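Take a walk through this protein chain, from its overall fold to its individual contacts. The sequence and the structure come next.

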Amino acid sequence: MKAYGQDMEPGSVPCVVHFKKSNLEVEVAAGRVLLEVAEEHGLKLPALCRGGTCGTCRIRLLAGSPAVQTTKALNVRQRAQGLILSCSARTVAGQRIVLDA
């Protein structure tokens, strides 16, 4: 399923977020929090603190380069395995971000 451009300014460069397990791909504006993008499109990802401190919202990044604000709730091994915190990672213009969700 695809959803495109619902929150974008005219002329802005979108970011595509693909949730692989859910077979959902959305096109959104840059600067959007990945957890919120998922929730707005009906995906229920685990989350508690929404501030990057508990680690509940960790998710595997399969491709792309989101803007990651914090990884303090992840240990070195988890980061090496490609995990990020969906509550503190944001979309970036022109990126295609693929998540294992």
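Predicted model: local features only at pLDDT ≥ 70, side-chain atom pairs only at ≥ 80, totals over all residues.

The protein chain holds two helices and eight strands. Read from the N terminus, the order of elements is β-β-β-α-β-β-α-β-β-β. Of the 101 residues in the protein chain, 39% are buried. The accessible surface comes to about 5,400 Å². Carbon and sulfur atoms account for 49% of that surface. Contacts also reach along the sequence. Among those between residues at least 6 apart, 53% join residues at least 24 apart.

Start inside. In soluble globular proteins, nonpolar side chains tend to be buried together. In this model, the largest nonpolar core has 24 residues. Which of its members touch the most other members? They are Val17, Phe19, Val26, Leu34 and Leu99. H1 supplies the largest share, four residues.

Valine 17 shows how such a core member is surrounded. Set aside its neighbours within four places in sequence. Valine 17 is then in contact with Leu24, Glu25, Val26, Val28, Leu34, Thr91, Ile97 and Leu99. Val26, Leu34 and Leu99 in that list are also among the core residues that touch the most other members.

Now the strand pairing. E4 spans residues 58–63. E4 and E6 run antiparallel and are joined by three bridges. Within this pairing, arginine 60 stands opposite leucine 83 in E6. E4 also pairs with E8, again in the antiparallel sense, over two bridges. Here leucine 61 has leucine 99 of E8 as its bridge partner.

Stay with E6 for a moment. Leucine 85 lies in this strand. Is leucine 85 buried or exposed? Its relative accessible area is 0%, so leucine 85 is buried. Beyond its neighbours within four places in sequence, leucine 85 is in contact with Gly52, Gly55, Cys57, Arg58, Thr70, Thr71, Ala73 and Leu74. Alanine 73 is 12 residues away from leucine 85 along the chain, and their C-alpha atoms are separated by 8.0 Å.

Serine 86 comes next. Serine 86 sits in the loop between E6 and strand E7 (89–90). What lies 3.1 Å from a polar atom of its side chain? It is the backbone oxygen of cysteine 57. Apart from neighbours within four places in sequence, serine 86 is in contact with Val33, Leu34, Leu35, Leu45, Cys57 and Ile59. Cys57 is thus a contact of serine 86 and of leucine 85, because in each case heavy atoms lie within 4.5 Å.

Two backbone details deserve a look. Asparagine 23 has a positive phi of about 55°, although it is not a glycine. Asparagine 23 is placed in the loop between E2 and E3. With a relative accessible area of 51%, asparagine 23 is exposed. Arginine 50 also has a positive phi, near 60°, without being glycine. Arginine 50 is found in the loop between H1 and E4.

Finally, the charged pairs. How many salt bridges does the structure hold? There are four. One of them joins the side chains of aspartate 100 and lysine 21, at 3.8 Å from N to O. Aspartate 100 lies in the segment after E8, and lysine 21 in the loop between E2 and E3, so this pair ties together parts that are 79 residues apart in sequence. Aspartate 100 is partly exposed at 26% relative accessible area. Lysine 21 is exposed at 63%.

Another salt bridge brings back arginine 50. Its side chain meets that of glutamate 39 at 2.5 Å, N to O. Glutamate 39 is in helix H1 and arginine 50 in the loop between H1 and E4, 11 residues apart. Both residues are partly exposed: glutamate 39 has a relative accessible area of 32%, and arginine 50 has 43%.

Arginine 32 and glutamate 40 form a further salt bridge, with their closest N and O atoms 2.6 Å apart. Arginine 32 has 15% relative accessibility, so arginine 32 counts as buried.

Methods
Residues numbered from 1 in each chain as written. Heavy atoms only, no water. Core = buried A, V, L, I, M, F, W, Y, C linked by side-chain atoms within 4.5 Å. Buried < 20%, exposed > 50% of the residue type's maximum accessible area, 1.4 Å probe, protein only. Polar contact = N/O pair within 3.5 Å; in protein donor to acceptor, adjacent residues only side chain to side chain. Areas by Shrake-Rupley, 256 points an atom, 1.4 Å probe, with all protein chains shown as cover. Pairing = 2+ DSSP bridges.
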